[in-house]
Amino acid sequence: GEMEAGVTPGWEVPVAECDGVRVGAAVCFDANFDSIPDQLASQRARLVFWPSMFWGGKLLQHWALRYGFTIVVAFGPESAVIDMNGNYLAKQGLDTWQVRGKRLPPWASVDVNLDRELFHLDFNQNKFEALRAKYGRDIQIEVHQPEAFFLLASRRDGLTVEQIAKEFELETLRDYLARSVKLREDTFARTHLPPRK
């Protein structure tokens with residue numbers, strides 16, 4: 001309706017660094033456009049703010065898990081924070097009975113560990129034993145088996161997931177999928193088949 005009324009949608013998907021965290025944003029109906037999270041991910045966004053006029057629900061849970069974002073939802077009836085594993089960390093809003101009864105404020109607030117990264121199991125899971133042998137309780141490996149993803153988190157001050165990934169030559173999910181897309185396109189070109197749309 002907005003475009004039919006003359007509103008022009010944004011054509012850029014900017015990501016900025018704020019206090020060492022790559023932060024991006026999407027707005028409302030953007031949840032339905034695959035190019036938006038692709039562009040956020042290609043710029044290595046870790047935290048995505050999403051002001052909206054609807055809940056988003058499983059669309060945003062998919063974004064979080066597929067792209068490794070933590071998503072902050074700003075929607076009056078129910079704002080939320082969705083972790084990069086696709087789980088809700090907090091929900092709060094004007095439509096909850098606790099808020100209506102003035103027992104809680106209408107906003108969601110939660111601590112989030114952003115020093116985590118999403119990886120595919122392919123070519124990485126065979127390194128779990130060595131990771132655990134070296135870092136033990138200083139790391140957390142959270143496997144999402146049906147999706148073949150895992151999250152790696154550091155629990156030690158001064159030890160970042162980026163350092164661990166470099167040391168063990170772990171390939172992030174976003175890099176693995178980008179490499180897979182390129183390989184697929186190169187295969188189409190080499191075999192003279194047009195890419196399927």
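1. How much space lies in the second largest pocket? About 410 Å³, with a pocket being an open set of points on a 1 Å grid over the protein atoms alone, where a 1.4 Å probe fits, with protein on both sides within 12 Å along at least five of seven lines. The volume is the space filled by probe spheres set on the points, which are joined across faces, edges and corners.

2. A caveat before going on: this is a predicted model, where local features need pLDDT of at least 70 and side-chain atom pairs pLDDT 80 or more, while totals for chains, interfaces and linings use all residues. Numbering runs from 1 along each chain as its sequence is written, and side-chain values use heavy atoms, without hydrogens or water.

3. Back to the second largest pocket: 19 residues line it (an atom within 4 Å of a point), and R46, E117, V161, E162 and R174 are the closest to its centre. Its lining splits into 10 charged (Asp, Glu, Lys, Arg), 6 nonpolar (Ala, Val, Leu, Ile, Met, Phe, Trp, Tyr, Cys, Pro) and 3 polar residues (the others, Gly among them).

4. The largest pocket holds about 640 Å³. Of its 21 lining residues, P9, G10, V27, D30 and F33 sit closest to the centre. Here the lining has 13 nonpolar, 5 polar and 3 charged residues. Helix α1 (residues 35–42; a DSSP run of H or I, at least four residues) gives the largest share, 3 residues.

5. On L89: its place is in strand β6, residues 88–92 (a DSSP run of E, at least two residues).
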